[in-house]
Amino acid sequence: MPGQERGVLTTMTVGVTLHASEAANQIDATVELAREAAAHGLRSAWFGQTFGADSPQLAAIVGREVPGLHVGTSAIPVFGRHPLLVSSQAQTAQAATHGRYHLGLALGTKLLTEAGFGIPFERPVARLREFLTALRQLTQTGAADFHGELLTATTPVPARVPGAEGGVPLLVAAMGPQALRVSGELADGILPYLAGPRALSEHIVPAVTAAARAAGRPAPRIVALVSGVVTDDVDAVRAKATEQLAFYDQIPSYARAIELSGGRRASDVAVIGDEETVAAEVRRYRDAGATEVVFSGTDIAGEAERLRTWTLLGELAG
């Protein structure tokens with residue numbers, strides 16, 4: 001079916017997350033997936049961050065190997081990191097990709113923070129505010145003189161990376177009221193995940209836009225991360241998604257976004273169906289205020305359905 005019949009979206013970009021941690025060599029496999037994504041017409045590739053591959057480094061390699069493809073991190077938790085080190089990573093990735101790198105930050109979760117780093121998950125929004133304040137100084141100027149309550153970031157020697165003078169777009173995986181307020185004031189946009197069109201249009205987009213306007217900043221980017229796949233076996237795939245996404249049902253910020261979207265569990269907001277169904281949902285995200293849509297979990301139903309999904313998304317990317 002021609003892309004025009006599905007409603008090509010000319011005012012937003014469409015991308016995918018890439019996940020190849022089960023491959024024999026994750027880096028090689030990710031580069032090949034990125035080449036495939038670009039060949040399908042997708043505009044961006046995004047990489048998660050847990051305790052495995054370093055996402056900014058992976059993005060830098062992919063962006064270097066696949067010219068023209070934008071690459072992003074979604075998202076680095078602020079606990080267990082320091083703005084000076086994240087700035088070095090982000091500026092290096094930006095120089096390597098000649099301006100095609102996008103840095104996403106997150107509050108993280110109590111479970112992974114305390115179990116993994118052995119540090120208390122306390123005052124996450126305050127930490128996010130200080131982290132963003134110091135990081136913006138560093139990525140924009142290559143220097144910082146920040147002394148906060150929770151963080152200190154100073155540069156006795158320069159922290160600039162030549163080739164990254166244009167700065168690094170800063171995005172936050174924010175969905176709660178306080179995190180949205182901080183993101184509107186200090187970041188360039190947000191990366192909401194498992195927040196459906198209703199939650200976006202009625203709660204998330206108005207809150208972050210109002211905060212940006214009050215701070216005198218431009219309208220924020222809304223990069224909506226959507227779990228979804230094109231398939232005819234909707235019931236079986238949704239049952240599998242229910243298993244895979246169950247972790248998010250236990251996290252308050254995600255549970256709230258799912259409820260505001262009209263769902264009871266994460267799989268309720270997953271976009272699963274044929275080409276017409278998925279294209280219509282992508283348009284709903286656009287109408288709800290998303291400036292960019294990024295699909296994740298497109299391999300849940302197997303290789304053939306992943307390629308089918310990427311074909312559609314490439315057409316929607318225009």
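The model is predicted, so local features need pLDDT of at least 70 and side-chain atom pairs count only at pLDDT 80 or more, while totals for chains, interfaces and linings use all residues. Residues are numbered from 1 along each chain as its sequence is written, and side-chain values use heavy atoms, with hydrogens and water left out.

Helices and strands are named here as DSSP runs numbered from the N terminus (H or I of at least four residues for helices, E of at least two for strands). Two packed helices are described by the angle between their axes and the distance between the axes. The axes are lines fitted to C-alpha atoms, for helices over the stretch in contact, and the angles run from 0 to 180 degrees between N-to-C directions. Helix α6 (residues 124-141) and helix α7 (residues 177-186) have axes that come within 10 Å and cross at roughly 10°. That makes α6 roughly parallel to α7, on a scale where angles under 35 degrees count as roughly parallel, over 145 as roughly antiparallel, 65 to 115 as roughly perpendicular and the rest as oblique. On the α6 side, Val 125, Leu 128, Arg 129, Leu 132, Thr 133 and Arg 136 meet Gln 178, Ala 179, Val 182, Glu 185 and Leu 186 of α7, where contact means heavy atoms within 4.5 Å. By class, the contact of α6 with α7 has six nonpolar, two polar and three charged residues; Ala, Val, Leu, Ile, Met, Phe, Trp, Tyr, Cys and Pro count as nonpolar, Asp, Glu, Lys and Arg as charged, and the others, Gly among them, as polar.

Within α7, the buried residues are Ala 179, Leu 180, Val 182, Ser 183, Gly 184 and Leu 186, with buried meaning under 20% relative accessible area, exposed over 50% and partly exposed in between (1.4 Å probe, protein chains only). Their cover includes α6, β7 (170-172), β8 and α8.

Turning to the aromatic residues, a search of the whole structure finds six aromatic pairs; rings of Phe, Tyr and Trp (its six-membered ring) pair if their centres lie within 6.5 Å, and planes under 30 degrees apart count as stacked, over 60 as edge-to-face and the rest as tilted. The rings of Tyr 193 and Tyr 254 have centres 6.1 Å apart and planes at 80°, so this pair is edge-to-face. Because Tyr 193 lies in the loop between β8 (189-190) and α8 (197-214) and Tyr 254 in helix α11 (residues 252-260), the pair ties together parts that are 61 residues apart in sequence. Tyr 193 is buried at 12% relative accessible area, and Tyr 254 is buried at 16%. Tyr 254 also pairs edge-to-face with Tyr 248, with centres 4.9 Å apart and planes at 70°. Tyr 193, Phe 247, Tyr 248 and Tyr 254 form one aromatic cluster.
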